[in-house]
Every structure is written in C-alpha cells, then in structure tokens.
Amino acid sequence: TLLVSDLHLDPATPAIARQFVEFLRNEARAARALYILGDLFEVWLGDDDPDPAVRSIVTELRALRDAGVPTYFIHGNRDFLIGSRFAAETGCTLLDDGTIVDLHGERVLLMHGDVLCTADTSYQRLRKILRSPLTLFVLRHLGLETRRKLGRKLRAGSQMHVGATAAEIMDVTPSEVVDSLRRARVSTLVHGHTHRPAIH
Ligand code: MN
C-alpha cells in the first residue's frame, strides 16, 4: 500500500509531474492500493480546468485504476475543489478527511493534516469559510477565469502568511494529534500538509 501527499504539482515545476507519472507507471502498478492525502496539485480551479498539465495527470491516474490498483483521494487545502467529475474521470474514490482504513490488518487514520494545525487560528478561520457548503457552491459556479484570479490571490496571501508565521505555529499541534487518535480509537495516523517527513 502506497501513500503520497503534498506533491503540489504545478506547470511551473514539470520535473515533479514527470517523476509522479514515472511512479504511477511503474512502482504504483505493483501496489495493493494508492492513497493520495491531498495537495496533489498546487492549485485546483475546478474539475472543468482544461489545462493540459492537469489533464495528463487525470489520464495517468485513470490508467493506474484501469490496471487494477484502487486509488483513494483526500482533499488538501490547495485542491479542495476536486469533485465528482475528477473522481469519475480518474476512478479515484474520494475519502473524507479523517477516514479510518484497514492497512494490512491495522486500523489507520488518514488525514491531510491542516486541521491538526490548531495554533494557526487565522488559517483555521479562513479554512472554515473556504470549505463551507455556501463558498463551495459559489466557487463551483464562477467562471474559470475568475477562479484563476481568485486562486492567484489566495496563493499570494498564503505565501505572505507562511512568511510571517512562526514554524511551530504552522506545524501540527501535538495535543490535537493525540485527541484525533483517541477519538478514532487508533494508534496510527498518517498525514501530510506540514512538509516535515518524519515518524513520531
Ligand atoms: Mn496542505
């Protein structure tokens, strides 16, 4: 079983996409399943985005699914607009953030990880607004060009926020991790988002 997270695929960095495609065509073919824990894309404007860089990843994910490898996707804070059309086109099953899965006999909690960063209160406020059903509805009905402009603004704002915020505030809150494990009654959590690969 393979898990990947936070590739932040972006037309500006095609080498990362090439490496991911290589992974999907080779290593991933032998996997029992592939879990993508969010922020696969630097930005996701909507399932209707015709960008060829985006379309090629959709095609490659479909090819993996057609080769018999079940694929699962949890939204990240960059690609939270991924929807049912993406799921249908790629064959990926969309999972809720905080799903418990059975990995080789062990119950494991899977999250993107941004909800664990509770010390970053201004981010959590923004997240609540962006992920509300009303905002999602409005965003999905805006024209692609408007969404593109909005995406640029959000990313610029995010860069400023990251630059102005202490590293420990941007990291997961340890007590929140423990609470999440307790609530789910599991002893293993796999998450992305923080870009700090480690086993704790
Ligand atoms: Mn993230």
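Which helix does Val 138 lie in? Helix H5, which covers residues 133-140. The close-ups below visit this spot and two others in a predicted model.

View A. With a relative accessible area of 42%, Val 138 is partly exposed.

**View B. Four residues coordinate the manganese ion.** Let's meet the donors: Asp 39 (OD), Asn 77 (OD1), His 112 (NE2) and His 193 (ND1), at 2.0 to 2.3 Å. Along the sequence, their spacing reads D-x37-N-x34-H-x80-H. Asp 39 sits in the loop between strand E2 (34-36) and helix H2 (52-66), while Asn 77 belongs to the loop between strand E3 (71-74) and helix H3 (84-90), so this pair ties together parts that are 38 residues apart in sequence.

**View C. An open sheet is formed by four strands.** Follow the order E1-E2-E3-E4, in which the pairing is parallel. Strand E1 (2-4) and strand E4 (93-95) are the edge strands, each pairing on one side only. On average, and with direction ignored, neighbouring strands of this sheet are turned by 25 degrees against each other.

**View D. E1 and E2 run parallel, joined by three bridges.** Here you can look for Val 4, whose bridge partner in E2 is Ile 36.

Key. Residues are numbered from 1 along each chain as its sequence is written. This is a predicted model: local features need pLDDT of at least 70, side-chain atom pairs count only at pLDDT 80 or more; totals for chains, interfaces and linings use all residues. Side-chain values use heavy atoms; hydrogens and water are left out. Donors are N, O and S atoms within 2.8 Å of the metal (3.2 Å for Na, K and Ca); water is not among the atoms, so sites may look incomplete. Helices (H or I, at least four residues) and strands (E, at least two) are DSSP runs, numbered from the N terminus. Buried means under 20% relative accessible area, exposed over 50%, partly exposed in between (1.4 Å probe, protein chains only). Two strands pair if DSSP finds at least two bridges between them. Axes are lines fitted to C-alpha atoms, for helices over the stretch in contact, and angles run from 0 to 180 degrees between N-to-C directions.
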